[in-house]
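Biologist: Hey, I'm new to this one. Can you put it up and walk me through a few parts?

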Amino acid sequence: MHADAVVLDVDGVLVDVADSYRRAIIETVQRRHGGTIERATIQRFKDAGGFNNDWELTDAATLFVLAREAGYAGDAADFTDAIAAHDEGGLAAARAVLREAAAREGFDADAVEAAWDPEGVRETFQALYLGAELFREIEGGAPPFEAPGYIHDEPVLVEPGTIERLQSGFSVGVLTGRPAAEADIALERAGLSVPEEHRFTMDDWEEGKPHPHALVTLAERFGADSTVFVGDTLDDVRTATNAAEADPSREYHGIGVLTGGLTGESGRRKYEAEGAAAVLDSVNDLPDLLD
């Protein structure tokens, strides 16, 4: 596969977030509402699309748990499948699914939304994920409770030799749904340094993945005729597909790795069905693919 530029996602590609972000999603819902979701349900939300932002995924999971308490008869598969059927995806689709189910089944959607507190969800999530010390530093205030921080439980997936080979042969950028401050921590831990103009974080564009703006902009800044984007979700592959449609003057290739929520043969099949240009066991296989 030919490429001039390589753009990397962070979570599930450079660092493992199974015991950090995903753990924080589950425990945030549990702390705030008693009920919770299974780890597999997080991947269902990711596959449904539009949940590049884990705060919004936690909001959607909260709405599901509250809806179940209010009388929603469906399970997590029903809820996420209904989200996937909406064009907009993400939290907006979750709220629409809630309203549709309430009208159909007779429970009170207004009461469900009244019990949902997005600011409280975010605060709880950040306290769990960052821990007290980083919460004070990044959020600029006192945390709602003391916690050590799951951010410290993120094993590095990318090998130093992989970074060296990529940066010696290609223009390298980063495209992540993390806030900038949290991206800085992960990139430093992974040993990857890129200038600010060669990365996009949550703070840099409103739409988020799978919107093509960030990937197209990076390709333009690199002057690349062919760009590879490596991620761990179906939305990452969709981002490359959308970029190719938005910018037909260049080539874009979406590559999935099996070190995030999508694993094994089932993960490989999902990537292939979404049109991934390649599926790799890990990002460390990328240099050989491109060579």
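Biologist: Which strand is threonine 227 found in?

Modeller: Threonine 227 sits in strand β4. Before we go on, this is a predicted model, where local features need pLDDT of at least 70, side-chain atom pairs count only at pLDDT 80 or more, and totals for chains, interfaces and linings use all residues. Residues are numbered from 1 along each chain as its sequence is written, and side-chain values use heavy atoms, with hydrogens and water left out.

Biologist: Is threonine 227 buried or exposed?

Modeller: Threonine 227 counts as buried because its relative accessibility is 1%. Buried means under 20% relative accessible area, exposed is over 50%, and partly exposed is in between (1.4 Å probe, protein chains only).

Biologist: What is threonine 227 in contact with?

Modeller: Leaving aside neighbours within four places in sequence, threonine 227 is in contact with Ala5, Val7, Leu215, Ala219, Glu251, Tyr252 and His253. Contact means heavy atoms within 4.5 Å.

Biologist: And which residue is the bridge partner of alanine 5 in β4?

Modeller: That's threonine 227. Strand β1 (residues 5-8) and β4 (residues 226-231) pair in the parallel sense over 4 bridges. Two strands pair if DSSP finds at least two bridges between them, and strands are DSSP runs (E, at least two residues), while helices are H or I runs of at least four, all numbered from the N terminus.

Biologist: How many bridges join β4 to β5?

Modeller: 6 bridges, and β4 and β5 run parallel. One of the pairs is serine 226 with its bridge partner glutamate 251 in β5. Strand β5 is mostly covered, with 6 of its 7 residues buried.

Biologist: What order do the strands come in across the sheet?

Modeller: The open sheet has 6 strands, ordered β3-β2-β1-β4-β5-β6, with parallel pairing. Its edge strands are β3 (199-200) and β6 (278-280), each pairing on one side only. Helix α10 (residues 213-222) packs on the sheet and touches β1, β2 (171-175), β3, β4 and β5 (251-257).

Biologist: Switching topic: at what angle do α2 and α4 pack?

Modeller: Helix α2 (residues 39-48) and helix α4 (residues 76-84) pack at about 15°, with axes 8 Å apart. Axes are lines fitted to C-alpha atoms, for helices over the stretch in contact, and angles run from 0 to 180 degrees between N-to-C directions. So α2 and α4 are roughly parallel, a label for angles under 35 degrees.

Biologist: Which residues of α2 make the contact?

Modeller: Thr41, Arg44, Phe45 and Ala48 of α2 make it, with α4 residues including Phe79 and Ile83.

Methods: Parallel < 35°, antiparallel > 145°, perpendicular 65-115°, else oblique.
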